[in-house]
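Please keep the structure open while reading.

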Protein chains: 2
Amino acid sequence: MKHSHQSRSIPGLSLVLACAMVLGCAPAPGTDAGPEVAATTAVDPLPSWNDGQAKRAILDFVAAVTDPSSPDFVPEPERIATFDNDGNLWSEQPMYFQVFFAMDRVREMADDHPDWKSKQPFKAVIEGDMETLKAAGEHGLVEIIAATHTGMTTAEFQESVRRWVTTARHPTTGRLYTDMVFQPMLEVLDFLRDNGFKTFIVSGGGIDFLRVWAERVYGVPPEQVVGSSVKTEFEMTDAGPVLRRLAEIDFVDDKEGKPVGIDRHIGRRPIAAFGNSDGDLQMLQWTSAGGGRRLGVIIHHTDADREWAYDRGSAVGGLDKALDEAPSWGWLVVDMKDDWKVIYP
Amino acid sequence: MKHSHQSRSIPGLSLVLACAMVLGCAPAPGTDAGPEVAATTAVDPLPSWNDGQAKRAILDFVAAVTDPSSPDFVPEPERIATFDNDGNLWSEQPMYFQVFFAMDRVREMADDHPDWKSKQPFKAVIEGDMETLKAAGEHGLVEIIAATHTGMTTAEFQESVRRWVTTARHPTTGRLYTDMVFQPMLEVLDFLRDNGFKTFIVSGGGIDFLRVWAERVYGVPPEQVVGSSVKTEFEMTDAGPVLRRLAEIDFVDDKEGKPVGIDRHIGRRPIAAFGNSDGDLQMLQWTSAGGGRRLGVIIHHTDADREWAYDRGSAVGGLDKALDEAPSWGWLVVDMKDDWKVIYP
């Protein structure tokens, strides 16, 4: 069970993994629960969670590690909690939202690239021709990611994400993507921080994509975001120094890469980790294998009415091995349908 | 002025740069100032700094960016300050302290490697034969770093650093290395944190070497240390998951690498940066080129009696271009001899 992490010379982040689902595998989207607002009391830090084993397990864990008289007490600096993003903090269907960003950017950039009107896979994106896009496969997606994520300065890329994330809307729900974050998870983030935890995002998605909006939406500052990255290069221009994004993968923060990314960025082992797919398996293993009390959580997408229902065999967010290993590691499996009063804010 | 950062397949961190100074360039070490304790008043956050332009510039900068009514006000989350380590927070003569660690480790590990008694460059380290070590050059140093820094798990490496840093002593001062940190800089770190800054170390040295003791000595937690690194690999063993340190460079956090490392780890541009050598030039440029008020500081080693005096042409901590560029960028050049009442705690 060894896995080596080498740089690859294709510029696709872990989004190459998303290829299959650019290509047509779109389960029926859920509809939002609407104004079903949870009864908030002053003492309940998790008002959007139904009373039950899942909510109790989270509350118990936090009580145990923060009580100085508890044998499970953990000093504040070591209270590190890590959260996957796609499917864990926001939805990920019918495909990873960063792929929607890339495709929207192709259409936005098309005026400056007249050749794209006749050049695949760009032509297919512009025309919404999903069949041709599907035929272009992973190689096509890599070309789309390269064109939209590399070549520019870091400041230019951030600006393109900022514009998109404040205006673009999900094709089936019609919501801003940042309105498709999970209200119960926002409460967990706040609850942990209120109890002296530092919360980190550890995502297979692009680190620089997430950082633009993670602070505003999740309360997680840029320095606490870990993700996949391309290499950048320092360059002194006439207008001053810039960092340029190169068409070369720096790091893929997925699967065996997650403990590596955690070690590289955080330098401590988390005591709590939240994920939803096999991409989070090794992060959960790494977290739970530490000494002392640990919390490993799997968000199980079980709610086809309010969100999406999927697990084994799903092209996006497939959950198979991690579900099998959950009992032996003692991971909490959250049932979105039963455990959450609301999905979106 | 473009510089590309690619992975290299030699396992030497930026310590390969230290080669020259393993090899004999040892200026006379300074002696400590001893019990010359500064008169501390309740209102002076920098008691070890002499009154003068340098101290005033630091106080003025912090006052300006933290005063909500100031045009230079910076919100707390954006108050990022970065500090080089070697020669900026602790001494770096007659060679980088991490090289002493590597050589001490060779001697410590020698019993488990009987072949080293007859194999260069290890034989030279064990026998203290600096002439032969010098002849082994950069290649020799890389072999020493590889043997002492890679192959083991991250936990094993941390333990070896922990043992060394709490027991090993500097060859000329006889002090623990962590007692050769600069008291005036410890005060700056505290002063900035007391004013809502997040303080980061951005070092050419090894990130995992620093993290073991940076929190205890500098108050900088592991997640706020940026440095050079080797690749690591997730591995599931019978005893559970481990991260193994590979003999392959991941990142060199020096010169043009410093803004890259800052962007990768922090994701925001610092508003204050402290360095002492040309290795910090690009970090200072990147910091000062940001909009709004910025503080760039160069610690100039001018005190041959209490520490060491060196700048242009020094094999360790050479300061040449950054000193030339200081006036045009408005960087503060701190004269250790005149500006600091004491050097070490």
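Buried area is the accessible area, taken with a 1.4 Å probe, that two parts lose on being put together, summed over both. In this predicted model, chain B and chain A bury about 4100 Å² between them, and 50% of that area lies on carbon and sulfur atoms. On the side of chain B, B:Glu223, B:Phe234 and B:Arg264 supply 19% of the area buried against chain A, which is more than any other three residues supply.

The arrangement of the two chains can be described by a rotation of 180° with 0.0 Å of shift along its axis, which superposes chain B on chain A with an RMSD of 0.0 Å. The two copies are therefore related as by a two-fold rotation axis, and in chain B the C-alpha nearest that axis belongs to B:His265, at 3.2 Å. The contact takes 47 residues from chain B and 47 residues from chain A; because 100% of the interface residues of chain B are also interface residues in chain A, the copies meet through the same surface.

Turning to specific interactions, there are 10 salt bridges between chain B and chain A, and one of them joins the side chains of A:Glu223 and B:Lys198, with an N to O distance of 2.8 Å. Between the two chains, 18 residue pairs are in polar contact, counting pairs with both residues at pLDDT 80 or more.

Several elements of chain B, including β2 (198–206), α8 (207–218) and α9 (257–265), each supply at least two residues of the side that touches chain A, while the largest share, eight residues, comes from β3(B). By class, this side of chain B has 19 nonpolar, 13 polar and 15 charged residues.

Technical notes
Residues are numbered from 1 along each chain as its sequence is written. Chains are lettered from A and ligands numbered from 1 in the order in which they are written. This is a predicted model: local features need pLDDT of at least 70, side-chain atom pairs count only at pLDDT 80 or more; totals for chains, interfaces and linings use all residues. Side-chain values use heavy atoms; hydrogens and water are left out. Copies are superposed by least squares on the C-alpha atoms of residues with pLDDT of at least 70 in both. Contact means heavy atoms within 4.5 Å. A salt bridge is a side-chain nitrogen of Lys or Arg within 4 Å of a carboxyl oxygen of Asp or Glu. A polar contact is a pair of N or O atoms within 3.5 Å; within protein, one must be able to donate a hydrogen and the other to accept it, and residues adjacent in sequence count only if both atoms are side-chain atoms. Helices (H or I, at least four residues) and strands (E, at least two) are DSSP runs, numbered from the N terminus. Ala, Val, Leu, Ile, Met, Phe, Trp, Tyr, Cys and Pro count as nonpolar, Asp, Glu, Lys and Arg as charged, and the others, Gly among them, as polar.
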